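Hello,

Here is the structure I promised to pass on to you. Please open it first, and then read my notes below.

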Amino acid sequence: MQIEIRGLRKVYAGGIVAIDNLDLTIPPGVFGLLGPNGSGKTTLMRILATLLDPTEGQVTVDGLEVRRGRAAIRSMLGYMPQEFGFYPTLTAYETLDYFALLCRMADPEQRRKRIDESLQQVNLTQYADRRVGTFSGGMKQRLGIAQALLNDPRVLIVDEPTSGLDPEERIRLRSLIAELAAGRIVILSTHIVSDVEMAAERLAILRNGKLLFAGHVSEILAPLAGRTWIIDIEDDELSRVREDHFVTGVFRAATGMQVRTIADEMPHPRGRQAAPTLDDAYVSAMQQTVSPVDAE
Ligand code: ADP
C-alpha cells in the first residue's frame, strides 16, 4: 500500500501553477505535508482525494490511478477538510449518521456499528448525544476525524487539523493522529512545524508548488547535527547577530535572550552546540535558493 506521485503538475485557470513537477512516494504511517500558505498542500490533497484532476502527471493510490479509479479510491479514503460545516443543533451521533447516509451506508446495523467505532476511535463516545454547537474546537476537530473514519479508510487525509486549537487540545489531537496511523497512510497537512515533529515519521516540504525535501524526519535533521548552535545574546545585539548569522529562531530564556543558528564552526564566543530541531531544518530548507533551471 502506497501513494505514488510522478511528474505531477496542477495549473489552475488563469495560469496559476499550484503544483510543479512533483515526485513523491508516500508509504504507510504518518506523513507530514509541510509548507507555508499557498505552497500547494490543499491542491495536492484534493488531487489525492480525487476531488481535483491533475493537469499533468501520474498519481496512484494503492496502484489505482486517480482519474480512472475514482470510486475505488474514494471507498478506501477518508478526508477531513480544513473547514467542514456541522449543524450545531444535531448531536455528534446524528451528525455522523447524516454523513454515513451520504456515504451510502444504507444498512442501519452496519451504520450504527461504524458510527460507534468511529466515535470510540476519537474518544467522543461519552459525548455522542451532545449537540455539536456546544463542542470545543478540539472536539469538533475530533468529530471531523470521526466523520473521515466512517468507512474505515486505509488512507486518511487531514488538513490543518490543529489550527485554532489550544495547546492541550493540540497535543491530544497529535496523539490521536499518531494512533490512527497503525496500518494506514495518514497524511497530515499543516504549516505548523511542531505538529509534524510530534506526529510524523516522514515528511515533505513544499514551497511554491515545488518539493524542497522528502524523506524521514531523521534525514532532514542529520545534516544539521554538529552545526546547530545556541548563542546567548544581549537584547541590543539581536540585529547585528541576525546580520552576521543565519538565525533559525529567537527565544527568551530565564537567563536572557537566545538565538539558534546553523554554522559549520563555532559561530560566536557565547555559542554552544544544540541538538537540531525540525524548526531549524524547516527554516533552513525554506532558505534554499531556487536553482537557475527552476527560476526560468
Ligand atoms: P496551501 O494549501 O499550501 O495553502 P493551495 O493548494 O491552497 O496551498 O494553493 C496553492 C496555490 O494555488 C496558491 O497560489 C493559491 O492561490 C492557488 N489556488 C488554490 N486554489 C485555487 C483555485 N481554485 N483557483 C485558482 N488558484 C487557486
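Helix α1 gives the most to the shell around the ligand, with 3 residues. Both α1 (41-48) and β2 (16-26) supply at least two residues of that shell; helices (H or I, at least four residues) and strands (E, at least two) are DSSP runs, numbered from the N terminus.

Before you go further, please note that this is a predicted model, in which local features need pLDDT of at least 70 and side-chain atom pairs count only at pLDDT 80 or more, while totals for chains, interfaces and linings use all residues. Residues are numbered from 1 along each chain as its sequence is written, and side-chain values use heavy atoms, with hydrogens and water left out.

Around the ligand you will find Tyr12, Ile16, Ala18, Pro36, Asn37, Gly38, Ser39, Gly40, Lys41, Thr42 and Thr43, each with a heavy atom within 4 Å of it. By class, the shell has 4 nonpolar, 6 polar and 1 charged residues (Ala, Val, Leu, Ile, Met, Phe, Trp, Tyr, Cys and Pro count as nonpolar, Asp, Glu, Lys and Arg as charged, and the others, Gly among them, as polar).

Now the polar contacts (pairs of N or O atoms within 3.5 Å). A polar side-chain atom of Thr43 is 2.5 Å from a ligand oxygen atom. Polar backbone atoms also take part: one of Ser39 lies 3.1 Å from an oxygen atom of the ligand, and one of Gly40 lies 3.1 Å from an oxygen atom of the ligand.

Elsewhere, the crossing of helices α3 and α5 is right-handed, meaning that the near helix is turned clockwise from the far one by less than a right angle.

Best wishes

Key: A polar contact is a pair of N or O atoms within 3.5 Å; within protein, one must be able to donate a hydrogen and the other to accept it, and residues adjacent in sequence count only if both atoms are side-chain atoms.
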